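Subject: Structure handover

Hi,

Here is the structure I promised to pass on. Please open it first, then read my notes below.

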Protein chains: 2
Amino acid sequence: MDRKYQAVAEKIKKLVMDSDYRLGGKIPSIRDLALTYGVSITTITAALRLLESQGIIEARDRVGYFASSRVLGAVDRSREHEPVPTNLADNTFIRDLATLNQNHAVPLGSAIPANEYLPNRQIQKSLLRAARRTSETLSYWFPGTPAYLSAIARRMSNIGVNSRGSDIIATNGAQEAVMIALAALTNKGDTVAIASPSYPGILHALQILDLQVVEIPCFPHGPISLDTLEFATRNFEIKALCVSANCSNPTGYSLSDEDKQSLINICKKSDVAIIEDDVYGDIFHGKARPTPLKALDTDGNVIYCSSFSKTISPGLRAGWIHPGRYYQSIANQKYFFNLACPAITQIAVADFLDCGTYDLHLRKMRKVYQRNVNMLRNLVLRHFPEGTHCTVPDGGYVFWVTLPFAVDMEKIYEEALRHRIYFAPGSMFSVSKSAGRCLRVSGSNPVSTKVKDSIKYLADRIEESFHARSHDCQAH
Amino acid sequence: MDRKYQAVAEKIKKLVMDSDYRLGGKIPSIRDLALTYGVSITTITAALRLLESQGIIEARDRVGYFASSRVLGAVDRSREHEPVPTNLADNTFIRDLATLNQNHAVPLGSAIPANEYLPNRQIQKSLLRAARRTSETLSYWFPGTPAYLSAIARRMSNIGVNSRGSDIIATNGAQEAVMIALAALTNKGDTVAIASPSYPGILHALQILDLQVVEIPCFPHGPISLDTLEFATRNFEIKALCVSANCSNPTGYSLSDEDKQSLINICKKSDVAIIEDDVYGDIFHGKARPTPLKALDTDGNVIYCSSFSKTISPGLRAGWIHPGRYYQSIANQKYFFNLACPAITQIAVADFLDCGTYDLHLRKMRKVYQRNVNMLRNLVLRHFPEGTHCTVPDGGYVFWVTLPFAVDMEKIYEEALRHRIYFAPGSMFSVSKSAGRCLRVSGSNPVSTKVKDSIKYLADRIEESFHARSHDCQAH
């Protein structure tokens with residue numbers, strides 16, 4: 001038995017060190033571990049004692065085993081996780097996302113706000129008013145309609161970025177903003193740093209621009225690890241960093257203002273441009289609007305991208321970019337790509353913002369989304385396997401779930417879709433293998449009975465997949 | 001004198017052979033040639049007689065000298081004009097175009113239809129109806145709203161391209177359509193063939209995608225020379241051809257159906273994808289809607305791009321693409337670039353098309369634009385230097401003007417802009433030097449007294465520049 005328990009201990013050590021257990025969270029129960037590795041309860045118990053003696057895990061009375069505080073503290077300095085530039089292979093989940101609006105699936109993974117959460121009546125009024133202004137709606141407006149650019153500049157000023165309309169360019173959503181920023185800053189084959197996990201649209205943008213990616217993990221807690229970022233900027237020639245410093249998708253984490261300043265300094269030192277995606281910044285769960293990186297930026301190196309797709313309406317495609325010192329090249333990209341954005345949506349959004357009900361709407365939505373996230377987190381922690389880890393978002397409506405074990409996530413994804421349940425598997429958010437054990441859950445829709453049932457459904461599929469794998473292990 | 005008249009004859013020969021004189025049009029008068037080359041009337045007369053004896057030019061009674069029919073016939077087989085792949089340098093006119101809508105210049109060069117030529121009242125009604133459908137306007141619709149895709153498919157079927165809504169993807173104007181097609185088909189450094197002169201947006205797209213361009217000239221009469229196209233496809237690895245087969249911008253020329261079929265065959269033989277831009281196809285001046293290439297395409301190799309920016313409104317940004325067999329990769333490009341187009345504009349355009357007034361509007365506009373073009377052509381031929389050549393458009397509202405001599409077009413352009421007159425200098429439409437002697441004139445706005453005066457103003461500046469150059473030549 002000597003060899004066996006040591007070998008199992010090695011496996012459990014790897015599980016703890018390579019995973020989000022390092023963020024905390026109970027590791028699987030003795031019984032589950034025994035099933036997984038196809039060994040006896042006695043062997044597992046011996047293995048856990050060995051790991052405890054090595055300081056890898058620690059027992060907590062009547063609860064179970066956790067990664068030790070030594071391991072937690074060592075995470076960022078661990079060289080096991082040094083990032084390397086990677087080419088982006090084809091992502092098999094792209095099609096499902098693209099055709100999502102044609103399905104009537106339970107939108108557990110969708111980051112699109114439910115229509116009932118949008119300011120329907122007010123925006124209809126603004127659209128009607130805009131529709132009457134034909135002399136404006138029928139014309140080209142590059143870089144945007146004056147009223148829209150000016151309304152955006154006022155909002156930017158309110159969140160600490162003193163701006164004028166002439167600093168802003170209207171875009172079709174934040175995705176186009178990020179895309180034209182990347183296109184302006186990079187050439188084919190260049191390397192761009194992103195957080196891991198990251199919003200899938202960033203991976204798509206890098207993929208079609210033929211760029212290399214360096215993924216910077218987001219542990220211990222935050223949208224991005226600053227130690228690893230610094231390591232990466234020193235070791236690779238990185239053209240730009242794409243990051244959401246506030247309520248980032250999919251973790252929901254924000255950086256502290258101090259960390260934001262450090263991030264800016266790290267990038268400045270290595271001449272890395274920062275592309276900030278702040279689409280969730282307005283839906284913070286705390287007391288105050290978190291500061292955008294752009295507000296701490298003194299030399300125009302932060303390119304701020306945002307939209308109203310999460311707060312007013314995705315269908316208006318009302319986004320914008322504040323390109324800082326990259327204004328000219330980014331303006332050219334926008335103009336050459338599709339000349340200008342439609343006028344009526346800009347006029348309507350400016351009208352809506354001028355009505356002054358946006359902040360009231362935001363206050364309401366923050367509470368709703370926070371409540372949804374709490375409910376869903378509790379459901380996941382209750383039904384998913386022991387040792388499942390959920391992030392605690394600082395804002396937005398999505399959170400990131402890490403399972404204690406690898407499962408066949410693609411199979412579960414396909415099966416769930418056939419049952420009209422849509423969730424977002426981890427491989428959409430990162431090229432790193434460890435994301436295969438993760439998923440994003442979204443509270444962008446009401447937590448209906450259907451949604452609750454689908455969490456249980458997923459929990460069952462995960463349990464099944466996990467036992468099927470354990471069985472396979474035993475059989476071999 | 002012997003040597004002198006022979007040397008001058010060589011210069012005049014070069015002028016005729018290297019220029020649009022080969023398309024016909026009177027060459028400059030004896031007096032003007034004498035001024036240009038700083039020689040006597042006698043020398044010019046001797047030079048012209050020599051060229052006449054060589055069959056380069058021919059005299060027409062009481063009118064003057066023209067390129068001989070032999071030269072006209074020889075144009076396409078001339079190997080002097082073999083195209084070569086070129087990298088696109090920065091185009092200095094980009095900014096002026098981009099900021100055009102902020103000027104209040106006489107829009108002699110603008111290809112944007114005047115607001116008064118748009119179906120203002122009807123589109124306002126459609127926008128108002130669309131604005132009331134909040135449950136649709138606030139949502140994402142990829143690849144487009146069902147009603148829009150289906151309305152486009154019906155129109156495509158009407159012009160000979162049997163289509164279903166599922167063949168179509170909504171885009172922000174035709175520029176985005178061309179751009180995503182190019183992005184899907186090419187990699188950095190690849191070579192793309194375009195007509196010369198071409199719509200500037202194509203040059204911009206190639207520039208930001210870092211592509212090489214092969215320019216295919218448009219003489220003798222048509223949007224593109226098929227002989228040169230065939231030569232280019234045989235000699236270079238060309239990934240795609242961007243072409244407007246109907247009422248092409250800036251020449252206004254269309255290919256015959258026979259030539260369209262030849263073009264398709266040439267491209268098929270060398271596996272060159274065809275990106276067809278048909279934005280002016282609906283504004284033909286003849287009796288019947290000219291056939292799009294796509295209608296003659298039997299194997300899905302033609303990617304059809306168009307929009308309503310020339311006919312309904314530029315500000316709606318309502319375009320589309322029928323990607324044929326490239327559907328999947330082009331759909332991914334669109335989705336990754338900016339997810340979807342706004343819903344309200346699509347809903348409004350579908351509503352407008354369903355009202356059935358679009359064709360009535362088109363019939364009216366075709367007459368208006370044809371009348372404007374005729375008036376402007378007559379004004380240019382009357383006021384511009386002798387030997388100026390204007391294309392005779394088959395449709396649209398722009399035509400292409402070639403001066404008999406080189407002038408400092410950039411200086412004239414800047415001077416005119418200071419006088420609030422905007423015209424489109426030839427260098428916007430081509431990287432070839434000969435375009436420097438050309439300009440595009442547009443009848444997209446009413447031919448007001450201001451417009452008429454600005455033609456005279458330009459004629460005067462051109463005359464001045466021409467004499468200044470002649471003077472410089474004499475001085476040296």
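Predicted model: local features only at pLDDT ≥ 70, side-chain atom pairs only at ≥ 80, totals over all residues.

Is A:Ala348 buried or exposed? A:Ala348 has 31 other C-beta atoms within 10 Å, so this residue is buried. The cut-off for buried is 20 or more. Set aside the neighbours within four places in sequence, and A:Ala348 is in contact with A:Ile123, A:Ser126, A:Leu127 and A:Ala130. A:Leu51 is another matter. This residue is 297 residues from A:Ala348 along the chain, and 61 Å separates their C-alpha atoms.

**Where the chains touch**

On chain A, 52 residues are in contact with 52 residues of chain B. Several elements of chain A give two or more residues to the side that touches chain B, among them helix 5 (94-98), helix 6 (120-131), helix 9 (173-185) and helix 14 (343-355). Which helix gives the most? That is helix 13 of chain A, with seven residues.

**Strand 7 of chain A**

Strand 7 of chain A covers residues 212-217, and six of its six residues are buried. A:Gln212, A:Val214 and A:Ile216 point one way. A:Val213, A:Glu215 and A:Pro217 point the other way. Both sets are buried.

The strand has these pairings:

- Strand 3 (residues 86-87) of chain A pairs with strand 7 of chain A in the antiparallel sense, over two bridges. Here A:Thr86 has A:Val213 as its bridge partner.
- Strand 6 (residues 191-196) of chain A runs parallel to strand 7 of chain A, joined by six bridges. Here A:Ala193 has A:Val214 as its bridge partner.

Strand 6, helix 10 (residues 200-208) and strand 7 of chain A together make a right-handed β-α-β unit.

**Strand 13 of chain A**

Strand 13 of chain A (residues 398-402) is mostly covered, with five of its five residues buried. A:Val398, A:Trp400 and A:Thr402 point one way, while A:Phe399 and A:Val401 point the other.

Strand 12 (residues 389-390) of chain A runs antiparallel to strand 13 of chain A, with two bridges. Strand 16 (residues 438-442) of chain A also runs antiparallel to strand 13 of chain A, with five bridges. Look at A:Thr402 in particular. A:Thr402 stands opposite A:His389, and A:Thr402 also stands opposite A:Cys438 in strand 16 of chain A.

**Sheets of chain B**

Eight strands of chain B form an open sheet in the order 3-7-6-8-9-10-11-5, with mixed pairing. Strand 3 (86-87) and strand 5 (169-172) of chain B each have a single partner strand, so one side of each is left without a neighbour in the sheet. Within this sheet, strand 9 and strand 10 (residues 302-307) of chain B run parallel over four bridges. B:Ile274 stands opposite B:Val302 in strand 10 of chain B. Helix 11 of chain B lies across strand 6 (191-196), strand 7 (212-217) and strand 8 of chain B. This helix runs at about 150° to strand 7 of chain B.

Four strands of chain B form another open sheet, in the order 12-13-16-15, with antiparallel pairing. Strand 12 (389-390) and strand 15 (424-425) of chain B stand at the edges, each with a single partner strand, so each has one side without a neighbour in the sheet. Strand 12 and strand 13 (residues 398-402) of chain B pair over two bridges. The bridge partner of B:Cys390 is B:Val401.

**Helix 12 of chain B**

Helix 12 of chain B has 13 residues (257-269). At 1.5 Å a residue the helix should span 18 Å, and its end C-alpha atoms are 18 Å apart, which agrees.

Which residues of this helix are buried? They are B:Lys260, B:Leu263, B:Ile264, B:Ile266 and B:Cys267. These cover an arc of only 160° around the axis, which puts them on the same side of helix 12 of chain B. On the other side, B:Glu258, B:Asn265 and B:Lys269 are exposed. The cover over the buried residues includes helix 11 (226-235), strand 8 (238-243), strand 9 (273-277) and helix 13 (293-296) of chain B. B:Asp271 follows the helix, and its phi is positive, near 60°.

Best wishes

Terms used. Residues numbered from 1 in each chain as written. Chains lettered and ligands numbered in written order. Expected span 1.5 Å × (residues − 1). Buried ≥ 20, exposed ≤ 12 C-beta atoms within 10 Å, placed from the backbone. Arc of directions from axis to C-beta. Contact = placed C-beta atoms within 7 Å. Pairing = 2+ DSSP bridges. Right-handed = clockwise from strand over helix to strand, strands pointing away. Axes fitted to C-alpha atoms, helices over the stretch in contact; angles between N-to-C directions.
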